[in-house]
Amino acid sequence: MSDFMRLEHVTRTFGGGALSTKPPIVAVDDVSLSINEDEPKITTIAGESGSGKTTLARLLMGTITPSFGSMYYRGKDFTKLSRKDSWNFKQEVQSIYQDPFGSYNPFYKVDHVLETPINRFKLATSRQAKNTMIEDALAMVGLQPGDTLGRFPHQLSGGQRQRVMVARALLIKPRLILADEPVSMVDASLRATILDSIRRLNREIGISVVYITHDLTTALQISDNILVMYRGSVVESGAVERVILEPKHPYTQLLIESIPQPDPDNKWGDEPPSARFEDFDTMFGCKFADRCPHVMEMCADEHPPQFHLEQHRQAQCYLYRDEADVMEDPDLATIFQDRRAELNV
């Protein structure tokens with residue numbers, strides 16, 4: 001096996017410095033992640049706003065570099081890549097962004113966003129070859145070339161515009177696609193279609209995908225693995241079904257509980273009470289301590305390490321310092337089955 005990309009204890013900070021009166025903001029804190037080229041998978045990075053998931057995506061895109069830690073591309077230090085390696089990286093790592101309309105120049109037809117990468121990376125030797133590539137890519141994401149090409153962005157629906165961006169990423173034949181909230185701004189009826197297009201890129205073509213979202217239902221729908229982030233740290237990781245259906249970390253459990261349930265007696269949005277200590281400071285201890293219903297004295301002393309619960313399953317919580325199991329919630333599977341049905345999956 002070979003790691004296409006690997007992050008080792010990466011931290012990314014913003015601000016601070018000798019001339020600043022404020023401490024730096026830690027957006028990503030000691031995160032390790034590897035993307036294997038031989039076994040392409042869909043990995044979800046999940047968390048609420050401000051958790052650091054988009055900053056982690058920017059690191060993987062190469063638009064920013066780590067403040068601390070190491071980042072490797074095909075075994076080479078990312079900060080020391082040659083010009084050729086940097087060019088190859090730009091071709092092999094592509095992104096799909098949240099806002100499908102913001103990705104377009106309204107003065108150009110949608111053909112422009114498809115032709116530009118072909119021209120830039122010299123992927124076609126003739127006009128006919130270019131047209132064939134574009135038509136095949138559009139067909140792969142469920143779009144008819146005759147109904148799509150020759151139109152301006154505002155003449156397409158949000159779902160069509162987003163699928164064109166998926167086709168654009170496909171044209172370059174990347175090894176990794178970073179999908180940052182790709183369905184958060186389209187209608188619910190189109191989400192399953194777009195997610196199915198992304199899943200097909202992984203299953204049929206062998207492209208690894210990093211899917212960034214706050215929606216755990218769609219994560220369960222298409223992902224193999226998941227990293228749950230809170231305030232820059234990965235608090236839980238593992239196989240997506242194990243993490244979502246049997247959450248171990250209190251924060252993951254809180255995310256699951258925030259999903260609306262068809263139960264009138266269950267008051268959605270109520271956060272469980274936490275056993276807060278007076279003047280509790282999370283700077284040195286657990287970052288989730290001030291919201292955690294299981295907080296203990298030791299949580300104030302030192303930031304918890306990653307406890308290995310089972311193969312490829314970790315949780316950053318002192319509850320598992322003795323590798324104790326927790327009770328499974330049998331209702332979680334039913335909840336997600338209902339949500340999947342709503343998406344017509």
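T43 sits in strand β3 (residues 42-46), where strands (E, at least two residues) and helices (H or I, at least four) are DSSP runs numbered from the N terminus. The model is a predicted one, in which local features need pLDDT of at least 70 and side-chain atom pairs count only at pLDDT 80 or more, while totals for chains, interfaces and linings use all residues. Residue numbers start from 1 along each chain as its sequence is written, and side-chain values use heavy atoms, with hydrogens and water left out.

With a relative accessibility of 13%, T43 counts as buried; the cut-offs are under 20% relative accessible area for buried, over 50% for exposed and partly exposed in between, using a 1.4 Å probe and protein chains only. Setting aside residues up to four places away in sequence, T43 touches V209, V210, Y211, N225 and L227, contact being heavy atoms within 4.5 Å. V210, for its part, is in contact with I35, T43, I45, L60, L176, I177, L178 and A179, leaving aside neighbours within four places in sequence.

V210 also turns up in the largest nonpolar core, which has 28 residues; M5, L56, L60, V93, L176 and V210 touch the most other members. Such a core is a set of buried Ala, Val, Leu, Ile, Met, Phe, Trp, Tyr and Cys residues joined through side-chain atoms within 4.5 Å. Two or more residues each come from β1 (3-14), β2 (25-36), α1 (53-61), β4 (68-73), β7 (176-180), β8 (208-213) and β9 (225-230). The top contributor is α1, with five residues. Another core, of 26 residues, lies apart from this one and includes A46, A219, Y230 and V240.

Turning to helix packing, α4 (residues 127-140) and α6 (residues 158-171) meet at an angle of about 125 degrees, their axes 8 Å apart. Axes here are lines fitted to C-alpha atoms, for helices over the stretch in contact, and angles run from 0 to 180 degrees between N-to-C directions. That makes α4 oblique to α6, given that angles under 35 degrees count as roughly parallel, over 145 as roughly antiparallel, 65 to 115 as roughly perpendicular and the rest as oblique. On the α4 side the contact is made by M133, I134, A137, L138 and M140, and on the α6 side by V164, A167, L170 and L171.

Finally, helix α10 (residues 250-257) is largely enclosed by the rest of the structure, because six of its eight residues are buried: P250, Y251, T252, L254, L255 and I256. T252 and L216 are 36 residues apart in sequence and 9.9 Å apart in space, C-alpha to C-alpha. L216 belongs to helix α8 (residues 216-222) and, at 5% relative accessibility, counts as buried.
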